[in-house]
Amino acid sequence: QVQVVESGGGLVQAGGSLRLSCAASGFAFSAYPMGWFRQAPGKEREFVAGVRSGGNTYYADFVKGRFTISRDNAKNTVLLQMDSLKPEDTAVYYCARGLYSSTSPRGYDYWGQGTQVTVSS
């Protein structure tokens, strides 16, 4: 069955870096776009970054220049490198399989359980 599993979250000071990893299985990974979303307490889930099947990337404005998404089709893995982290980046981060290249959660059908990222000031 389709599975998407995130890892790599944790606690980091403002200005620091974290790298999130997403391991996918149970489907033809290279054929699907993949995305990262985040959800902070009391807020809606929001788009962070996406990578198309061919490798082209797209980002939310608030992470441009700080976060980098990439994919390794040989390892069925998506990475999110997060640099220059800010306290407002604190959230649960989710990886998801895309139905198409989208910035809306409705464009994604399988989701991981999420990984907590906490940025202290």
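Modeller: A polar contact is here a pair of N or O atoms within 3.5 Å, where, within protein, one atom must be able to donate a hydrogen and the other to accept it. What follows concerns a predicted model, and the definition is needed for Arg-97, whose side chain is joined to that of Asp-109 by a polar contact of 2.6 Å.

The open sheet has four strands in the order β1-β3-β8-β7, with antiparallel pairing. Because β1 (3-7) and β7 stand at the edges with a single partner strand each, one side of each is left without a neighbour in the sheet. Averaged over the sheet and with direction ignored, neighbouring strands are turned by 15° against each other. In general, the strands of a sheet pair through backbone hydrogen bonds, in either a parallel or an antiparallel sense. For β1 and β3 (residues 18-25) the sense is antiparallel, and the pairing runs over five bridges; Ser-7, for instance, stands opposite Ser-21 in β3.

Within strand β1 lies Val-4, whose relative accessible area of 7% falls under the 20% limit, so Val-4 counts as buried. The C-alpha atoms of Val-4 and Ala-24 are separated by 4.6 Å, although the two residues lie 20 places apart along the chain. If neighbours within four places in sequence are set aside, the contacts of Val-4 include Cys-22 and Ala-23, and also Cys-95, Ala-96, Tyr-110, Trp-111, Gly-112 and Gln-113.

Asn-76 sits in the loop between β7 (67-72) and β8 (77-82), and its phi is positive, at about 55°, although Asn-76 is not a glycine. Ser-84, in the loop between β8 and β9 (91-98), likewise has a positive phi, near 50°, without being a glycine. Both residues are partly exposed, Asn-76 with a relative accessible area of 24% and Ser-84 with one of 40%.

Strand β9 brings us back to Arg-97, which is buried, with a relative accessible area of 7%. Besides Asp-109, Arg-97 touches Val-2, Phe-27, Tyr-32, Pro-33, Met-34, Gly-107, Tyr-108 and Tyr-110, with residues up to four places away in sequence not counted.

The largest nonpolar core has 33 residues, of which Trp-36, Leu-80, Met-82 and Tyr-93 touch the most other members. At least two residues of this core come from each of β3, β4, β5, β7, β8, β9 and β11 (115-120).

Glu-44 is in the loop between β4 (34-39) and β5 (46-51), and its relative accessibility of 70% makes it count as exposed.

Note on methods
Residues are numbered from 1 along each chain as its sequence is written. This is a predicted model: local features need pLDDT of at least 70, side-chain atom pairs count only at pLDDT 80 or more; totals for chains, interfaces and linings use all residues. Side-chain values use heavy atoms; hydrogens and water are left out. Buried means under 20% relative accessible area, exposed over 50%, partly exposed in between (1.4 Å probe, protein chains only). Two strands pair if DSSP finds at least two bridges between them. Axes are lines fitted to C-alpha atoms, for helices over the stretch in contact, and angles run from 0 to 180 degrees between N-to-C directions. Contact means heavy atoms within 4.5 Å. A nonpolar core is a set of buried Ala, Val, Leu, Ile, Met, Phe, Trp, Tyr and Cys residues joined through side-chain atoms within 4.5 Å.
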